[in-house]
Amino acid sequence: MSAPAQSGAQSHAVPRDRYAVIGNPISHSKSPFIHARFAEQTGEPVDYTHLLAPLDAFVPHVRAFFEAGGRGLNVTVPFKLEAHALATTLSPRAAAAGAVNTLRADAGSIYGDNTDGFGLVRDIEVNLSTPLKGARILLLGAGGAARGVVLPMLERSPHSLTIVNRTAAKASELVEQFGAAARTAGCQLTGGGAAAVEASAYDVIINATAGSLDDALPECDERAFGSGTLAYDMMYGAQPTVFMQHAQTLGARAADGLGMLVEQAAESFFVWRGVRPSGAPVLAQLRQMLAGSSAA
Ligand code: ATR
């Protein structure tokens, strides 16, 4: 999907503010579609395109975009760490995540935020009607994707959060990093290798490993999945991921990360425009498009 069309009289009357998603690769990105729908929905004069940056030239591309009047960028693979380093001011959630997916040009500075965790929490709580307050949560993975969602989840005051990773030491590092935030939230935060998974059903299990990219299941005690469990894979595709299929076989409800993608975009839109679009109708459209592409 390319840039949103600037058709009709309105585009001549109202100069549009320029935004883009920057990454490598980028042509597959659904963000231009999502933000075009948000602009229509809210009436905000937003023009949103995609930008391919060479792997060694992220920073000059960002600077050129802002110098040419661009107002904000979404940042995707593999540049979220570089965006974190580039930002002159960071939101607390971006600082905790150690990664930035949203940049905003402010007068004389570049503001960096991370809306991924907010998007996950909103998708689970609003679109999937599953409250995190008081919940027992299992987070599989301890890479960048996992780290980005820990603080927003803790802020919902779950009963407990267990972080489990193939490389146990990385999970333990996250437990240490977020210990104070967990105490503030009244949440029991534990973690380690696969042995840290408790042998009873969790309320929510989140797959934040990169396993689904190559159809690999992260190791996890099957007793963690029950009929009351929401098993959430941050990945998405036309077909359910192997993790989702596995969870469904064990009686759990499964969801993919398409809603997280839409809700992180809605929060970025809010960071830029101060107006919050509604994610649900755009999610429904994307879901239909995905189903159509798998049938084609
Ligand atoms: P991302 O930014 O997507 O999180 P990352 O920082 O490279 O990428 O982290 C990838 C995560 O997926 C890690 O938690 C990784 O486990 P290790 O720390 O042990 O490498 C996890 N992962 C990747 N492939 C996996 C697999 N086949 N089974 C289990 N975990 C896997």
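How many salt bridges does the rule find across the interface of domain 1 and domain 2? The rule, which asks for a side-chain nitrogen of Lys or Arg within 4 Å of a carboxyl oxygen of Asp or Glu, finds 0 salt bridges there. The views below come from a predicted model, in which local features need pLDDT of at least 70 and side-chain atom pairs count only at pLDDT 80 or more, while totals for chains, interfaces and linings use all residues. Residues are numbered from 1 along each chain as its sequence is written, and side-chain values use heavy atoms, with hydrogens and water left out.

View 1. The domain assignment, whose bounds come from an automatic or database source, gives domain 1 as 17–114 and domain 2 as 117–258. Their C-alpha centres lie 27 Å apart, and the contact (heavy atoms within 4.5 Å) takes 7 residues from domain 1 and 9 residues from domain 2. Between them the two domains bury about 570 Å², 57% of it on carbon and sulfur atoms; buried area is the accessible area, for a 1.4 Å probe, that two parts lose on being put together, summed over both. In domain 1, Arg93, Ala96 and Ala97 lose the most area to domain 2, together 62% of what that side buries. The count of residue pairs in polar contact between the domains, both at pLDDT 80 or more, is 2, where a polar contact is a pair of N or O atoms within 3.5 Å, one able to donate a hydrogen and the other to accept it, and residues adjacent in sequence count only if both atoms are side-chain atoms.

View 2. Helices (H or I, at least four residues) and strands (E, at least two) are DSSP runs numbered from the N terminus, and two strands pair if DSSP finds at least two bridges between them. An open sheet of 6 strands has the order S2-S1-S3-S5-S6-S4, with mixed pairing. Strand S2 (46–52) and strand S4 (89–90) stand at its edges with a single partner strand each, so one side of each is left without a neighbour in the sheet. Helix H2 (residues 31–42) packs on this sheet, touching strand S1 (17–23), S2 and strand S3 (72–75), and its direction makes about 175° with that of S2. Such angles run from 0 to 180 degrees between N-to-C directions, with axes as lines fitted to C-alpha atoms, for helices over the stretch in contact. Helix H11 (residues 258–273) lies across S1, S2, S3, S5 and S6, running at about 10° to S5.

**View 3. Strand S5 between its partners.** S3 and S5 pair in the antiparallel sense over 3 bridges, and Leu73 has Leu103 in S5 as its bridge partner. Leu103 in turn has Gly112 in S6 as a bridge partner, while Arg104 has Tyr111 in S6. Strand S5 (residues 102–106) and strand S6 (residues 109–113) are antiparallel over 5 bridges; in their hairpin, with 2 residues between the strands, Gly108 takes a positive phi near 75°.

**View 4. The parallel sheet.** A further open sheet has 6 strands in the order S9-S8-S7-S10-S11-S12, and its pairing is parallel. The twist averages 15° from one strand to the next. Strand S11 (residues 230–233) and S12 are joined by 3 bridges, with Ala231 opposite Ala254 in S12. Helix H6 (residues 116–127) packs on the sheet, touching strand S10 (204–207) and S11, and its direction makes about 145° with that of S11.
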